[in-house]
Amino acid sequence: MTNTGKNGVSLRNLNFCLILAASAVSALMIYSTFSLSSSFTALSEAVTKHHSLENDAASLINASDYLTENAQRYVISGNRRYLENYLTEANVTRRRENAVDHMAEITEASKALMKLREAMGISKKLMYQEYYAMLLVLSTKPGEPVPDSLSSITVRAEDQALSVPEKLRLAQSYVFSENYYHQKEQIRNSMSESLAEIHLITDRAEKASADSHFSEISRERWVISIQVLAIMGMILLTSYLGITPVLRAAEKIKSDSPLQESGSNEFRFLARAYNQMFRKNNHRLARLNYKASMDELTGLYNRSACELILSAMDIKSSWLLLVTADSPESEEIPAQDSSGEDDATAAALKKIARALTQAFRTDDYICRIGSRDFLVFMFNADKSKELMVNKKAELIRSQLADTEDGTPEVPVTISSVHGSAIPDASALMEPVSRDPNAPRRFSRAGRAFFHKIA
């Protein structure tokens, strides 16, 4: 991906678009889950309906067989319990009628219902034979009450004239004849055709539901894939436009180089601002290095450099240390001219310079502002660093008191002040004469701000 335009892509706009895309994918995911759930529900309902239709068909054939069984048992044994079982099923339980009524509620099962009703019609025809056979048996038992369901049927006169054994044989012939079993077979054939139609209906419904279900699963996979790609895209874009430029900028800052203006619009703005500050700072340093010369004797910044530091830098967040070599000499020799120092004085000043250089950071500024005076600027140090400043003063004294290098001890007076206590940095320097072009030196008023460190 290449950056488009000078200003690049805005992270805010990009994140807004990514949020919209994530919301759309999430909405699609939620919709897919509901759709998948609906598809699964439809499949479950199709299976349930299939079982329900099969149960209806089974109920009819089971009820028909149950009636046949009890009718045959009653005709053979004459046990009234089988007669009551038969009448309870026919008039109270009514599994055949309930199965037909239930199947009639399902519009898709019209053909199956037709076959079921056909079987029901044959079953009801057989019931008349079974009723008549049971009534013949009942007629052989004088005094035994006739149930209401059989009271409407009259035994034919020629059958009534038969003897008891003949009536029983006739009754058995009604429920055990080839014609009877032929009709039972017709019932089973109708039931088989009904079940076949039920299976056909169910297969179609299950196939449609399964196809819809698998289609939803396939769409769910696509949505998940899109979501994964969207997440990866978000990570890559954020990394490319935000994280990578920051890491690259950190390396540039460590190497003290300007930042590359790449990545997001916001980072480019920060990079431009940093580069502008970087150029200004380099320009200031260049001016400082150009205008200010180094002290020949000590290799430290001289008084001109100190003046430039005071004019160019903010000392409000800095500590200032004034180090003065204790010497009986009162003559002030300009810091720019070190030719007037004798060997002993030069060695002492060099020792002070070495001690100061070792005690302070590389980004602190150490200036020789007089023949015996040194001023140290500790930038970016708030008031809480006072203890550290005192420890540095102790370190400087200990190094100056060390004579192992062959140089004598150099006594110094060290004073400090925080820049926030100085209302005007220009008050630290004053001209050596009334001539406006005369060089400047550290003023007495400036010294008054400093407090001696014990």
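Me: How many salt bridges does the count come to?
Reply: The count comes to 14 salt bridges. Bear in mind that this is a predicted model.

Me: Okay, let's pick one. Which residue does D65 form a salt bridge with, and how far apart are the closest N and O atoms?
Reply: D65 pairs with K184, and the closest N and O atoms are 3.1 Å apart. That pair links distant parts of the chain: D65 sits in helix α1 (residues 11-77) and K184 in helix α8 (residues 178-254), 119 residues apart.

Me: Is K184 buried or exposed?
Reply: K184 is buried, with a relative accessible area of 7%. D65 is partly exposed, at 23%.

Me: And what about R188, which side chain does it meet?
Reply: R188 meets D65 in a salt bridge, 3.0 Å from N to O. R188 lies in helix α8 and D65 in helix α1, so this pair ties together parts that are 123 residues apart in sequence. R188 is partly exposed, with a relative accessible area of 37%. Put together, D65, K184 and R188 are linked in a network of salt bridges.

Me: Where is E130, and what does it touch?
Reply: E130 is in helix α4 (residues 110-139). Leaving out residues up to four places away in sequence, E130 touches L67, T68, A71, Y86, V175 and Y180.

Me: While we're on helices, which residues of α3 are buried?
Reply: In helix α3 (residues 95-104), the buried ones are R96, E97, A99, V100 and M103. Looking down the axis of α3, they fall within an arc of 160°, so they line one face of the helix.

Me: Why would residues three or four places apart point the same way?
Reply: An α-helix has 3.6 residues a turn, so residues with that spacing end up pointing the same way.

Me: And R169, is that one buried or exposed?
Reply: R169 is exposed, with a relative accessible area of 53%. R169 is in helix α7 (residues 164-176). Its C-alpha is 9.4 Å from that of V137, which is 32 residues away along the chain.

Me: Switching to strands. What is the strand order in the open sheet?
Reply: The sheet has 5 strands in the order β2-β3-β1-β4-β7, with antiparallel pairing. The edge strands, each pairing on one side only, are β2 (365-368) and β7 (451-452).

Me: How many bridges does β1 make with β3 and with β4?
Reply: Strand β1 (residues 319-325) is joined to β3 (residues 373-378) by 6 bridges, and to β4 by 7 bridges. For example, W319 has M378 as its bridge partner in β3, while A325 has V412 as its partner in β4.

Me: How many residues of β1 are buried?
Reply: 7 of its 7 residues are buried. Both faces are covered: W319, L321, V323 and A325 are on one side, with L320, L322 and T324 on the other. In a regular strand the side chains alternate between the two faces of the sheet.

Me: Which helices lie across β1?
Reply: Helix α11 (residues 343-359) lies across β1, β2, β3 and β4 (412-418), running at about 10° to β3. Helix α12 lies across β1, β3 and β4, running at about 165° to β4.

Me: Where's E386 in relation to α12?
Reply: E386 is in helix α12, which spans residues 386-401. At 43% relative accessibility, E386 counts as partly exposed. E386 and W319 are 67 residues apart in sequence, with 8.3 Å between their C-alpha atoms.

Me: Last one: which residue does R447 meet in a salt bridge?
Reply: R447 meets D373, at 2.4 Å from N to O. R447 lies in helix α13 (residues 444-447) and D373 in strand β3, so the pair ties together parts that are 74 residues apart in sequence. D373 is buried, with a relative accessible area of 5%, whereas R447 is partly exposed at 31%.

Note on methods. Residues numbered from 1 in each chain as written. Predicted model: local features only at pLDDT ≥ 70, side-chain atom pairs only at ≥ 80, totals over all residues. Heavy atoms only, no water. Helix = DSSP H or I, 4+ residues; strand = E, 2+ residues; numbered from the N terminus. Contact = heavy atoms within 4.5 Å. Buried < 20%, exposed > 50% of the residue type's maximum accessible area, 1.4 Å probe, protein only. Arc of directions from axis to C-beta. Pairing = 2+ DSSP bridges. Axes fitted to C-alpha atoms, helices over the stretch in contact; angles between N-to-C directions. Salt bridge = Lys/Arg side-chain N within 4 Å of Asp/Glu carboxyl O.
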